[in-house]
Structure formats: structure tokens, C-alpha cells
Amino acid sequence: MLRKRAAVAKPKFGVDHLVAATFVAAVAFCLYSSQHLLLGAVLAPICGIFTFLASTRSNAYRMRSAFVAALTIVTWMTFAAFLIQLGGYLELWLSRHMRISLVPSALTGSGYVSILCPFLIPASVGNQIYVSYPIYVKFYAEFPLSLRTFLLVFAFFMVFALLLGKGWCGWLCPFGGLGEVARQAKGFGRVYNTLKHRFMRLTTIRAYVTPAKITQLVFDLKYAILFVTILLSLIFAVQWLCVFCWAGVLSWVSPPLNLSIAIAIALIFFIGLPLISKRKWCHFICPLGAALSLLDKVAPFKIVVKKESCTDCGLCLTLCPTFAIQRAAEGGVRIIDTCDKCLVCVEKCPQHAIDLKMYGLQTEPKVHLVTLSVVSGLVLFYWFVVVVCELVLILI
Amino acid sequence: MIEAILAGFLLGVANSLRCTSICLPILSVQLLASKGGVNRSLLIVGLFSLGRLVSYLGVATIFCFAASYVGVLTTPYVRGLSSVLLGLIMIYYCYRSLFGVGHMSCRGFSEGRFPLALGYLTSFSVCLPLLSVLSVYSASSIYSAYVAVGMFWVGSSILPLVAVLPFLGLFKLKNGSFVERFASIGGLASGLLGLIFVFSGLQMLVG
């Protein structure tokens, strides 16, 4: 009974869906055709059609999953390409190229950013940095071209984070997306499910079976980690968020031992944890997720529960991949701060008691969320997409 | 004497940024986890500062009476051990504040031993400005050394105290989920910091 599916609503579309699709296609074309005309011409219709379908059909959560999977694959392909082409010379190459000083080393002796990181580059406000992609890839560029370009990227980053809030994790994050991709790969998922059931029962935290105190602590852990990372960054004047990021661990590679530790941490935290059922890493540990949860308080998109329609069937509790739905003390359910707006609950609720709202606008909010997410992905993952396309072209 | 006061104070002020970067994390998580009002927060800050003063005076005493042993304080073993101890206390603090009977309060001195110990251990690693003050004024008399170190403590305490102002009495003890949540975040942060201190201390000990 719990698994009863909602009646599939007929797709409905209007002018705003067409406008959104056209807008996304135009953004994709303008952005990517500056690098390759063909790339812009291919991506524009794909992104336009995707936006149209995701905002009109009733399975936007599946489209979201596909979108974040695509971003994840692109990101990891770039990462793998770096590792493969650098091979045995990894450490030597990294010591020369990977560490880009962001501040005069005479002041702190630290302050590096990984060239793979699209998120922490904004941490170098006020300092011009240059990043070059490695030799085997034909594409060669400096990023950002100027301080103005850098500030533009920073502004984009902040605007998207403010607008999407925690939705960033669900729609854009390539770390959390890794787990989703792995779970969707059938063969791998089977192997991993076996492991999960045998060894990982302890990690299956469900809000309604663990004591309330422990549950609350688990949910607060990410904020504590965020707090500690900020404090430690004050002490050591380094970007401690890199410690929690698989790309950032590459900046630890000066002695060989550190490289081994970095790889081990990367394997455990960024491959092992995301594959555990649901997104425990993202919602209980990730400090970036915690920061986005805080930003989510002011983000315009909200998932709301219509109490008068809720029959307390509990289907959403089971389906939610982010532990974001809990039983409310006064009956029914409530949404908490781990909600990444994946829209599963909205589209699967048999009573349509859960809805996506956008404050400030009375129009259909889903089209705005989808448009914003796709445009964010196009802008912020620009270099990843370009590098992968270059690689594909070289292989062809 | 005036010279000792001025020199100690100015060097303390000059060193206060470093002191802030070390004291702020420890002190802020304590204040967060204590769920205290202004009075309790001030008591924690006071005891923490007192711990630092005791530590400084201890170093001054060693410097005056057994100057040849001062070098021991700067060895990685002593620094590592103090870091491990600091970490263990913070982990215990985390445990007590999250699961203990009642919260980590400073109503009595027995409850205040944690901020005192943390303050003492935080300042246990001797910094270069402190040593330079001591090397100058311990030669004249032990009193001028104490005065110089005391003023160094005053000077170096100003910035940390300003930095923790936002945490003072921010969370009054009352039954609110918001306060409870901040307290549990502070407790967890204390545990995490403790783990990091233990790890870095062990690294120093192992070499």
C-alpha cells in the first residue's frame, strides 16, 4: 500500500516552459560556441529539450537524477583524465603546476587551490590566479583570464548558491551525484547492495527508529564540521574545506605518504560514503552541504507540506533520499533542512500534499527551479564540459 | 618597572592575533556548548584566561629558577603531550555536554576546572615573544618577570576577548530547540576539535 504510486498527471505546458527552454538553449549556445561552435550547437538543443521535459513532465526527479549524473560523469572524467595522463609523474607535475599560490607565500606560506575545483576558486578573492590545463589536452586556457572574469565567476557562484540553496546538492553537486550514479548502475548497485546489507546496517539511520537525541546529533554533525573547518581555517590560514573534498586532497601531495593518505581518504570519504544508501555523506557530514543548508533559509524555493491534504501514509518518509521528511509532533510530516529539492516527494505523494513553492512568484515554480539548475550547471561546469569534449575529440 | 609593564603589554598586543587564532576555537565551542547566559559565559572566559595566566606564571617561574630547563618546554614531546591532553579534555567536554548529567556549567569551581585546564594547556607551548620578555626581565628580578608576563597576558588577552564577544551570553539557558541545537553543535565541534588536537599531538610525539 505504501508503495502505491500516484496517478501520473498528464504533462501540461505553456508559454513559460517554451520560453525557459529557449532561454536555456540560448545560454548554452552563447556560452559554449565561444569555445567550439559545434559544442554550442549540440548542447543548445539538448539543454533546451531537457529543460522543457523536466519542467513539464511528472518525473522531474528522474530528469534531475540524469542531470546530476551527467555533471558527475563529466567531472570525474576530467579528474580521471588528469590522473591518467600524469601517471607516474603525478607528484612531480603537481609540485610544479597543481599548486597555485593565491596569496604571497611570504605572508602565510600557504593558500593553494586545486585547479579542478570550481567551488573553491572563489576563495581567492582579490588575487589573480592562472590555471593551465595539462599538455596532452589540446585545449589550453588560462582561468580566469583576468580578475574581472574571476569576480564574474564568483558572482555567479554566489548568486546560484543563494537562489538554489540546498537545491545545489540535489541538482549540481558531483560528489553526491557519484552515489546516485553508482546506485543507478545496475551491476555495481547489486554488488554494493550486498555489501551494504552485510556491513553497513549501522549506517542506516532512519529518523523514526533511532533515539531522538542521537538523531538530532547526527543531523547537527555537519554544522559542527562546518564550524570547526571555519575555525581551523583561521588557525592555519588554509582552505580546510579542501580536506573534505576529493579534488582538494591532491593539494596534500608533497611527500609520498601524504599522497597515500589523501588517496585513502578520497576512497573512503568520496567513493565509499556516497555509495551507502541514500545520501548520508551529503546530509550528515559535508560542510558545504551545511553551508548551503544555512543559505537555504533565504532561498526562494521551498518544499511545503499541505497539512489538510496529508493522510500521514508515510510514503514520503520512505521515498525521501535525504532524510528531509520527519514526522511532526502535531501529526503529519515536516520538512527539515536536509531537503535538496529532488522533487521525489512532490511527484510521488498520492494526495499531492507536498508541493514546491517559490516565494515572490505565483507562477509554476518547477520551471524556474529546472531553468536555474540547468543554467547553473552550464556556467559552473563550463571547463569540465570543455575538457571532456576535447578529450572525446582527441580520442575520435 | 614601567618599562617591564610597557614591554610586556606591547609584546602581548603584538602577539594577540596568534593567541586569538589558538584560543578562539577552543573558547567559542566551550561557550556554545555551555548554553550559558552572560554571567556564565564571563565565568568561563575568566577561568580560561586564569588558566592562561597560571601557565604563563609557571613558565616565568621555571625561567627564573631553572632557565636551563625552559628548552624542554619547547620540545615536540612536551608540546605533543599538551596537545593530546588538550584534545582529550575537549573530547570529554563533548561527551559531558552531550550526554552527561546536566550541561557543562561553571556554577562551582569544580565545574569550572575544564575551562581552567584548557586555558592552562592552550598556553603551555611557549611562544617566542614570551621568551624574549622573560629573557630580558628575569635577569633583574623575579617580580619584574612576573609583572612583564602578567602584562603580556593582559595584552595578548584583549583581542581574544573581543573575538569571543559574539558568543557571550548569546544562548541563555532556557528550553528552546534552537538553544539546544546550538549547544549540541558546540559540543560536537568540541569533540571534533579534540580529535584534531589529539591527532596533531600524536604526530608531534611520533615525529
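The following legends describe close-up views of a predicted model with two chains, A and B.

**Figure 1. Overview of chain A, a chain with helices and strands.**
Chain A contains 17 helices and six strands. Of its 396 residues, 41% are buried. Among the contacts in chain A with a separation of 6 or more, 71% are between residues 24 or more positions apart. The mean pLDDT of chain A is 71, and 58% of its residues reach 70 or more.

**Figure 2. Overview of chain B, a chain with helices and zero strands.**
The secondary structure of chain B consists of nine helices, and along the sequence the pattern reads α-α-α-α-α-α-α-α-α. Buried residues account for 45% of the 207 residues in chain B. Of the contacts in chain B between residues at least 6 apart in sequence, 86% link residues at least 24 apart. The mean pLDDT of chain B is 76, with 80% of its residues reaching 70 or more. Below 50 in pLDDT is the stretch of residues 102-110 of chain B, which has 22 contacts in the model beyond near neighbours in sequence.

**Figure 3. The contact between chain A and chain B.**
Each chain is represented in this contact, with 13 residues from chain B and 13 residues from chain A. On the side of chain B that touches chain A, helix H2 (16-34) and helix H9 (177-206) of chain B each supply at least two residues. H9(B) gives the most to this side, with seven residues. By class, the side of chain B that touches chain A comprises nine nonpolar, three polar and one charged residues. For the complex, the predictor gives an ipTM of 0.75 and a pTM of 0.75.

**Figure 4. The largest nonpolar core, with residues of chain A and chain B.**
This core has 117 residues. The residues with the most contacts inside it are A:Val24, A:Ala28, A:Cys47, A:Ala224, A:Cys345 and B:Ala189. Helix H10 (residues 212-236) of chain A contributes the largest share of the core, ten residues. Not counting residues up to four places away in sequence, B:Ala189 touches A:Ala224, A:Phe227 and A:Val228 in chain A, and B:Val29 and B:Leu32 in chain B. A second, separate core has 17 residues, among them B:Ala4, B:Val59, B:Phe63 and B:Ala145.

**Figure 5. The packing of helix H2 against helix H6 in chain B.**
The axes of H2(B) and helix H6 (residues 113-122) of chain B come within 11 Å and cross at roughly 170 degrees. An angle over 145 degrees counts as roughly antiparallel, and H2(B) and H6(B) are therefore roughly antiparallel to each other. On H2(B), the residues that meet H6(B) are B:Ile22, B:Cys23, B:Ile26 and B:Gln30. Their counterparts in H6(B) are B:Pro115, B:Leu118 and B:Thr122. The residues of this contact divide into five nonpolar, two polar and no charged.

**Figure 6. The loop between strand S3 and helix H14 of chain A, with A:Cys310 and A:Asp312.**
A:Cys310 lies in the loop that runs between strand S3 (301-305) and helix H14 (315-319) of chain A. Because A:Cys310 has 17 C-beta neighbours inside 10 Å, this residue counts as partly exposed. Leaving aside neighbours within four places in sequence, A:Cys310 is in contact with A:Val305, A:Gly332, A:Val333, A:Gln351 and A:Ala353. A:Cys310 and A:Gly331 are 21 residues apart in sequence, and their C-alpha atoms are 9.5 Å apart in space. A:Asp312 is found in the loop between S3 and H14 of chain A. A:Asp312 is not a glycine, although its phi is positive, at about 60 degrees. With 14 other C-beta atoms within 10 Å, A:Asp312 is partly exposed.

**Figure 7. A:His352 in the loop between helix H15 and strand S6 of chain A.**
A:His352 has a positive phi of about 50 degrees although it is not a glycine. A:His352 counts as partly exposed, with 14 C-beta neighbours inside 10 Å.

**Figure 8. Confidence along chain A.**
Confidence in chain A is highest in helix H2 (residues 37-56) of chain A, at a mean of 90. Helix H5 (residues 105-108) of chain A has the lowest confidence in the chain, at a mean of 32. Over residues 97-116 of chain A, pLDDT stays under 50, and the model has 44 contacts beyond four places in sequence for this stretch. Residues 119-145 of chain A also stay under 50 in pLDDT, and the model has 49 such contacts for them.

Note on methods: Residues numbered from 1 in each chain as written. Chains lettered and ligands numbered in written order. Predicted model: local features only at pLDDT ≥ 70, side-chain atom pairs only at ≥ 80, totals over all residues. Contact = placed C-beta atoms within 7 Å. Helix = DSSP H or I, 4+ residues; strand = E, 2+ residues; numbered from the N terminus. Nonpolar A, V, L, I, M, F, W, Y, C, P; charged D, E, K, R; others polar. Buried ≥ 20, exposed ≤ 12 C-beta atoms within 10 Å, placed from the backbone. Core = buried A, V, L, I, M, F, W, Y, C linked by C-beta atoms within 7 Å. pLDDT = per-residue confidence, 0-100. Axes fitted to C-alpha atoms, helices over the stretch in contact; angles between N-to-C directions. Parallel < 35°, antiparallel > 145°, perpendicular 65-115°, else oblique.
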